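Subject: Structure for you, with notes

Hello,

Here is the structure I said I would pass on. My notes on helix packing and cores follow below.

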Amino acid sequence: MEVKAIVTLRPAAEDDLACLNAYCYAEGMDNLPGIENVTVAADADNDAVAFMRLAFSPAGIAHVNPIVVNPYWRGRGIGRLLTEDALERYGELRLVSRGASVPFYRALGFAEIPWEDIAPGVTDDCACCELREECNPLPMRAVR
């Protein structure tokens, strides 16, 4: 079944925030600062099953910060759908991939870039993360 038949992309609503923060917590991330620049993938009941938050550099370049898919919904193309939607809208995306996610992003056309090409603020968590060696983060970029 095509992913667009099982989820709808929409801007996040205030009612989504508790769920999105629970997804962040489950992945060892801090709470989101709010719903600004957050796109949700919602199921048939309009419940959030995944989301992508974008942060923008001073030059206006979109940075994924973060993308999270509910474990039950993984493997269905929802992360790809969110990423392709953002690439269509902004033409370029940058991110810091957790090492295990690098093959996923490479399959979407992302390539490694220098750390200094990632906006300040996006890399803050990596700089002081106790799990950095285990995570093996990699800065990446894709352009449409």
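Which residues does phenylalanine 110 touch, not counting residues up to four places away in sequence? They are Thr83, Leu93, Leu95, Tyr105, Met140, Arg141 and Ala142, where contact means heavy atoms within 4.5 Å.

On provenance: this is a predicted model, in which local features need pLDDT of at least 70 and side-chain atom pairs count only at pLDDT 80 or more, while totals for chains, interfaces and linings use all residues. Residues are numbered from 1 along each chain as its sequence is written, and side-chain values use heavy atoms, with hydrogens and water left out.

Cores. A nonpolar core here is a set of buried Ala, Val, Leu, Ile, Met, Phe, Trp, Tyr and Cys residues joined through side-chain atoms within 4.5 Å; buried means under 20% relative accessible area and exposed over 50% (1.4 Å probe, protein chains only). The largest has 26 residues, and Phe110 is among those with the most contacts inside it, along with Val7, Ile78 and Leu93. Helix α2 (78-90) gives the most to this core, five residues. Apart from it lies another core of twelve residues, including Leu17, Val38, Val40 and Ala48.

Helix α1. Helices are DSSP runs (H or I, at least four residues), and strands are E runs of at least two, numbered from the N terminus. In α1 (residues 17-26), Leu17, Leu20, Asn21, Tyr23 and Cys24 are buried. Seen down the axis, these buried residues fall within an arc of 155°, so they line one face of the helix; the arc is that of the directions from the helix axis to the C-beta atoms. Ala18, Tyr25 and Ala26 are exposed on the face turned away from the buried side. Cover for the buried residues of α1 includes β2 (38-42), β3 (48-56) and β4 (62-69).

Regards
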